[in-house]
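Please open the model in a viewer and keep the selection panel at hand. The stops below proceed from the whole chain to individual contacts.

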Amino acid sequence: MPDDLLRPTIGVGVDLSVRPCRLMSQTYVAFFGGVIAVTAVAFLNARRLGVEPVKRRLILLAGGIGLIAVIAVFVLFDGDQGITSGLRVSTRVLAVVCCLVQVRLQRPMDRAFQLRGTDYGSLWWPGIAAVIGGAVAEALILLLVAVAL
C-alpha cells in the first residue's frame with residue numbers, strides 16, 4: 001500500500017506495455033537523420049509517454065519550423081553548388097536544436113515514466129529506420145528546392 005501512494009498519478013491511463021525510448025537518445029537521430037527523422041521519433045515517443053495531444057501537435061510544429069529553417073539555410077548557402085560542409089553543419093545544428101525543443105515538451109511525462117520504475121525501450125531499430133527515412137526525405141525536399149531555384 002505505501003508503494004502505491006508514491007506512484008505518480010499523472011498519465012495513469014498510459015499503456016505501459018509499449019515502452020518509450022530515452023529522451024536524450026533522440027539527439028543521435030537528430031544529428032544523423034535530420035529534422036524529419038527526429039520529429040517522427042519524438043512524436044511516436046510522445047504518444048508512448050502519454051503526452052497530451054496539444055504538446056504532440058507542438059512537437060510537429062517544432063519539426064515543421066525546423067524543416068523550414070533547414071530549407072532557408074539551404075537557399076542561403078547557395079543551393080546551386082550542392083551540399084557543402086557548412087550546410088551539413090548548419091542543418092545538423094538546426095536538427096539538434098529542434099530535438100531539444102521536442103525533448104522539453106516530452107520531459108514532464110518522461111519523469112512520470114521514470115517514477116513508475118519501468119525500463120526504457122530500445123531506439124536502435126526505430127532510430128535506424130527514422131535516420132534512413134528522414135535523411136532520404138530531407139534530401140529529396142532539398143533536391144526539389146534546388147531544382148525550383
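Helices (H or I, at least four residues) and strands (E, at least two) are taken here as DSSP runs, numbered from the N terminus. By that definition the chain has six helices and zero strands, and its elements run α-α-α-α-α-α from the N terminus on.

This is a predicted model, in which local features need pLDDT of at least 70 and side-chain atom pairs count only at pLDDT 80 or more, while totals for chains, interfaces and linings use all residues. Residues are numbered from 1 along each chain as its sequence is written, and side-chain values use heavy atoms, with hydrogens and water left out.

**Whole chain**

Colour the chain by accessibility. Buried means under 20% relative accessible area, exposed over 50%, and partly exposed in between (1.4 Å probe, protein chains only). Buried residues make up 38% of the 149 residues in the chain. Contact means heavy atoms within 4.5 Å. Among contacts in the chain with a separation of 6 or more, 81% are accounted for by residues 24 or more positions apart.

**Helix 3 and helix 4**

Select residues 35–49 (helix 3) and 53–76 (helix 4), whose axes come within 9 Å and cross at roughly 175°. Axes are lines fitted to C-alpha atoms, for helices over the stretch in contact, and angles run from 0 to 180 degrees between N-to-C directions. Angles under 35 degrees count as roughly parallel, over 145 as roughly antiparallel, 65 to 115 as roughly perpendicular and the rest as oblique. Helix 3 and helix 4 are therefore roughly antiparallel to each other. On helix 3, the contact residues include Val35, Ile36 and Phe43; helix 4 contributes, among others, Arg56, Ile59 and Val70. By class, this contact of helix 3 with helix 4 has nine nonpolar, three polar and two charged residues (Ala, Val, Leu, Ile, Met, Phe, Trp, Tyr, Cys and Pro count as nonpolar, Asp, Glu, Lys and Arg as charged, and the others, Gly among them, as polar).

**Helix 4 and helix 5**

The contact involves residues including Leu58, Ile59 and Phe74 of helix 4 and Leu94, Cys98 and Leu105 of helix 5. By class, the contact of helix 4 with helix 5 has 13 nonpolar, five polar and one charged residues.

**Nonpolar cores**

Which residues have the most contacts inside the largest nonpolar core? Select Ala30, Val35, Leu49, Val51, Ile59, Phe74 and Cys99, which have the most contacts inside this core of 24 residues. A nonpolar core is a set of buried Ala, Val, Leu, Ile, Met, Phe, Trp, Tyr and Cys residues joined through side-chain atoms within 4.5 Å. Another core, of seven residues, lies apart from it and includes Cys21 and Ala130.

**Threonine 27**

Select threonine 27 in helix 2 (residues 26–33). Threonine 27 is buried, with a relative accessible area of 17%. Beyond its neighbours within four places in sequence, threonine 27 is in contact with Cys99 and Leu100.
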